[in-house]
Amino acid sequence: MNAKKTGLIFFPAFDWAISPTHPEREERLLYTQDQVFEEGLLDLDNVFEFKPGLASTEDINRIHICVPGAESVITESHLISAGGAITAAEKVLTKEVDNAFALVRPPGHHAMRVVHGARGFCNINIEAIMVEYIRHKYGHKRIAIVDTDCHHGDGSQDIFWHDPDTLYISIHQDGRTLYPGSGFPNEFGGPNALGYTINIPLPPNTSDEGFLFALDNLILPMLDEFKPDLIINSAGQDNHYSDPITNMNFSANGYATLNERLSPDIAVLEGGYSIESALPYVNVGIIMAMAGLDYSFVREPDYNPREIEQSSEISRYIEDEVSQIYELWKNRHSQKAEMVKDAKYARRSRSIYYDTDGINEEQEETVRICDDCGGMLTIDSKASTGNRIFAVIVPGQSCPACREKGEKAFESAETGQYDYVYFQDRDRNIFIVK
Amino acid sequence: MILGIDVGGTHTDAVLLDHYEVKKKAKVLTNRENLLDSLLEVTEEILSDEGPEILDRVVLSTTMSTNAIVQDKISKVGMILASGPGLPPSMLRINDDTHFVSGYVNHRGVEVAGIDHDEISKIAGNLREKGIEHVGIVGKFSTRDPHIETDIGDSIHDKFKHISLGHRMSGNLNFPRRIATTYLNAAVWDTYNSFIDSIKEFVGRFKTDFPIYILKADGGTFEIGQSVKCPVQTILSGPAASIMGILSLTNFKEDAIALDIGGTTTDIAIFAGGIPLLEPLGVTIKGHKTLIRGLRTRSIGIGGDSRVDYENGELKIGPERIGPAAAFGGPSPTPTDAMIVLGLTDIGEKEKAEKAIAGIAKSMNVSLHDAAETIFHSACETITSSVRDMIDEINNAPVYTVHEMFEGKKIEPTLLYVVGGPANPMAPRLGDMLGCTTHIPENAEVANAIGASLARTTTELTVLADTEKGTLTIVEEGIQSEIPREFEREDALKICMDKLRERAIKMGAKEDDLEIEITEDQSFNMVRGYYTAGKNIRIKAQVKPGLISNFQKGETR
């Protein structure tokens, strides 16, 4: 392995919790801190620790429609964790380091485009905020996000659903057996970005073998074809065999191997709640793998590969699934015509539940069918909080037609039945509320 | 009276303080081959008019351990590492005699694997065969529970002259630094102990009794008898003496910068509210990052005698010194020569300085004065930009709580203290550039010896309480005891204060000097399966570096 310069942005938020006994509490990264400090990783010549910056409301409004506004859905801690992800990106894009890991909390990958409150412990989507920050500051980039959290990253999927320049790949425990219950292979991206959302649900009890098989035979080949400018690992750690709220059998060594092979430019911590038995070792493994160090001596005290071996049924199931998804990916370009026919707009209606805050949202999203960009988007959303909003979103790299239609849609939107009407134009960094 | 002696690389200085006034100063050349000779010489000189019975306290800052390490005059050490999972052994091996053994505890101090006595006795035999008398034993997370280290130590202690245990070096986490610290402690143990034996023998002849203290890297002292247990703490006491010297010659409670400008290098230190800042983890010596508490200093390669060169349109000052300033017959122009040309100082031979700077002026195609001004300004610029970098680094140190992110204190120095040869000519410009009021302390030439004389005894202590396990650990003292489930943060705080007090007094502190500060104060609810299973409490406290009591800063004359 070659040593790489690795940046570490560590923010354990030792004074912040969703509630005292919530998995997302003060103690979560305590033992990770202990292990990272005891291993002396921050003393290594090629590992650099950076203090996180603070994300701004502007950074949030570039990607989210927060109802009624960003200030109302976040705490200071969210500004730091999103800011930490941005700092990681800054250090990589300015070439101060070769790669960086934002070991921060709270997480973000369940936060969708419209935010009425917290869901799946997430308020704002820290990777998505980072991605649009990168594009705003460093120019448009093709970005691949590989989400290795055990839960389907439904928030990230929602945000990048219509974006053909972001390949969002989520590998997670089958949604029939775990929150949030989504993330099936047929969730494949919006009509303008078919194939740029990829879901790889794995059966419960999948171990290192299954994860690495999907990585080698599906994720890495897709990345080779997509040719991203940047690879981001949404580094949830709850696939670990000791995680209390999931059912997978991934190990610290498996996580490290995955990161060595994936070689992400930026990794951002997501979930992972086996705070004593998994996180200290998984995080040390990831940092060492990113820094190009020999991680073969990183192992959990109770690690016994035989005990967590996956069954041959699971192996066969994953092999089949991987080849099916790869077929789907291969044929992504030919599916659009069949799907949209001669429609000018595509519409989807959804109910979204915010489990953390107990909010129900009814959402109707309409995208303009477009061959030149991600497509102008309008959203009509009504939440059990009583808020009803309308939002017009002009995507990044938008074509003139979509921008014009977007501007018109916002102009003509009546505020009457809505509490707020929003306009978001990524390329021009415009965010207006009326 | 107090006798303070600073054994420096070049000179050995001594001061005799009578009611905090400098009664007498002495300076001799340091005999690097035999530091004791220099000590005796300077002591005899300073006590030429007095008898030893006038001494109430003697403090010594010595380069004994530092030199031993830097010059590789150290004992062979056998290292036994219980390394557990994590970094590969290849990254932990510190010398040819490093051995890895089974047995380790996890981050909570729970034993995961036990030690193998056969394995250890084989290693001990192997080390003995090689004639090794000094052993260091270090376990991963031994600061959480030291029993792996003590068990290994107990099983082989009769086979070796001395054994250094990792957890006694520091209560802080960092396994590679604990290895380096323990290794160095074992490696200098013999040299340091025989040095101290000779001092004791010499002092014994005085037939009078007074306490002798040794200065540590953190600017604090410990009693000589305590120092032999942990000699590695005495390394790098030189820079600490200089910082404590500035503290003793001045009187301030603000954020401040201290510069010691020498011939070759300039040392920078920062004070927060009048207290010198410590290195976050420990000092570095000869490439070894350690857990030794030390004052935070940065040394840069620029001084009064730095070589000045103009090449390819670029002015270069330092980092090398090839001789004294041209004004003193040196071979090349230096910042000192520039200061002479500018009339900022009238030392040396002005013509020689002018001639040297004229060469640079010609290459730069500017007047003599402008060349001197450019050199002088550029030297000041190099120093001030390093100062600013150091302050930025301190102010941008990572923090781990939301509170500190938003409310964290920033260092904003308003005072600048300058000592060293070029202090007078350089201080005003440096002060302007840094936006600070400038002070040049008097008696600065013996500041180090004064600093050592007046430094108080410092120490720190770590209390860890895990109420789910039901254990309390004070690793620096090797204490482990049982605690009840209802043990609280307040209980830990109280124990920490009491034990720190005891420890400081054992190390030689006076009751009046115990200026204690809590440096870490955390209590986490440990939740298992949605129920609170216990508390994880972490308290750390220190006796701050500072001056002995009854002494007001700035009183020394």
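Colleague: Across the interface of chain B and chain A, how many residue pairs are in polar contact?

Modeller: In this predicted model, the rule finds 24 residue pairs in polar contact across the interface of chain B and chain A, counting pairs with both residues at pLDDT 80 or more. On the side of chain B that touches chain A, α5 (175–204), α11 (402–407), β26 (516–528) and β27 (531–543) of chain B each supply at least two residues, and β26(B) gives the most, with 6 residues.

Colleague: What area is buried between chain B and chain A?

Modeller: The size of an interface is often given as the accessible area lost when the parts come together. Here the area buried between chain B and chain A is about 3,800 Å², and carbon and sulfur atoms give 59% of it. On the side of chain B, the residues that lose the most area to chain A are His107(B), Tyr400(B) and Met405(B), which together account for 19% of what that side buries. The contact takes 46 residues from chain B and 47 residues from chain A.

Colleague: How many salt bridges does the rule find across the interface of chain B and chain A?

Modeller: Side chains of opposite charge can pair when their charged atoms come close. The rule finds 9 salt bridges across the interface of chain B and chain A; an example to inspect is Asp34(A) with Arg538(B), where the closest N and O atoms are 2.6 Å apart. Over all chains, the structure holds 63 salt bridges.

Colleague: Which parts of chain A does the salt bridge of Arg119(A) and Asp154(A) tie together?

Modeller: The closest N and O atoms of Arg119(A) and Asp154(A) are 3.0 Å apart. Arg119(A) lies in the loop between β5 and α5 of chain A, while Asp154(A) belongs to helix α6 (residues 154–160) of chain A, so the pair ties together parts that are 35 residues apart in sequence. Arg119(A) counts as buried at 6% relative accessibility, and Asp154(A) is buried with a relative accessible area of 6%.

Colleague: Where in chain B do Glu468(B) and Arg108(B) lie?

Modeller: Glu468(B) forms a salt bridge with Arg108(B), with the closest N and O atoms 2.6 Å apart. This pair links distant parts of the chain, 360 residues apart, with Glu468(B) in the loop between β23 (459–466) and β24 (471–474) and Arg108(B) in the loop between β7 (104–105) and β8 (111–113) of chain B. Glu468(B) counts as partly exposed at 32% relative accessibility, whereas Arg108(B) counts as buried at 9%. A contrasting case is the salt bridge between the side chains of Lys499(B) and Glu502(B), at 3.7 Å from N to O, since both residues lie in helix α14 (residues 489–506) of chain B, 3 residues apart, about one turn of the helix. Elsewhere, salt bridges that share partners join Arg25(A), Glu27(A), Glu276(A), Arg108(B), Asp466(B), Glu468(B) and Arg528(B) into one network.

Colleague: Which residues does the cis peptide bond of chain A join, and what is the phi of Phe121(A)?

Modeller: Most residues other than glycine have a negative phi, and most peptide bonds are trans. In chain A, a cis peptide bond joins Arg105(A) and Pro106(A), with omega about 0°, and Pro106(A) lies in the loop between β4 (99–104) and β5 (114–115). In chain B, a cis peptide bond joins Gly318(B) and Pro319(B), again with omega about 0°, and Pro319(B) lies in the loop between β20 (314–317) and α8 (335–341). Phe121(A), although not a glycine, has a positive phi of about 70°; this residue is found in the loop between β5 and α5 (126–138) of chain A and counts as buried at 15% relative accessibility.

Colleague: Why do the buried residues of α10(A) line one face of the helix?

Modeller: Helix α10 (residues 312–330) of chain A has 19 residues and reaches 27 Å from its first C-alpha to its last, close to the 27 Å expected. The buried residues of α10(A) are Ile314(A), Ser315(A), Ile318(A), Glu321(A), Val322(A), Ile325(A) and Trp329(A). Seen down the axis of α10(A), they fall within an arc of 135°, so they line one face of the helix. These buried residues pack against β7 (166–173), β8 (197–202) and α7 (208–226) of chain A.

Notes:
Residues are numbered from 1 along each chain as its sequence is written. Chains are lettered from A and ligands numbered from 1 in the order in which they are written. Side-chain values use heavy atoms; hydrogens and water are left out. Helices (H or I, at least four residues) and strands (E, at least two) are DSSP runs, numbered from the N terminus. The expected span of a helix is 1.5 Å times one less than its number of residues. Buried means under 20% relative accessible area, exposed over 50%, partly exposed in between (1.4 Å probe, protein chains only). The arc is that of the directions from the helix axis to the C-beta atoms. Contact means heavy atoms within 4.5 Å. Buried area is the accessible area (1.4 Å probe) that two parts lose on being put together, summed over both. A salt bridge is a side-chain nitrogen of Lys or Arg within 4 Å of a carboxyl oxygen of Asp or Glu. A polar contact is a pair of N or O atoms within 3.5 Å; within protein, one must be able to donate a hydrogen and the other to accept it, and residues adjacent in sequence count only if both atoms are side-chain atoms.
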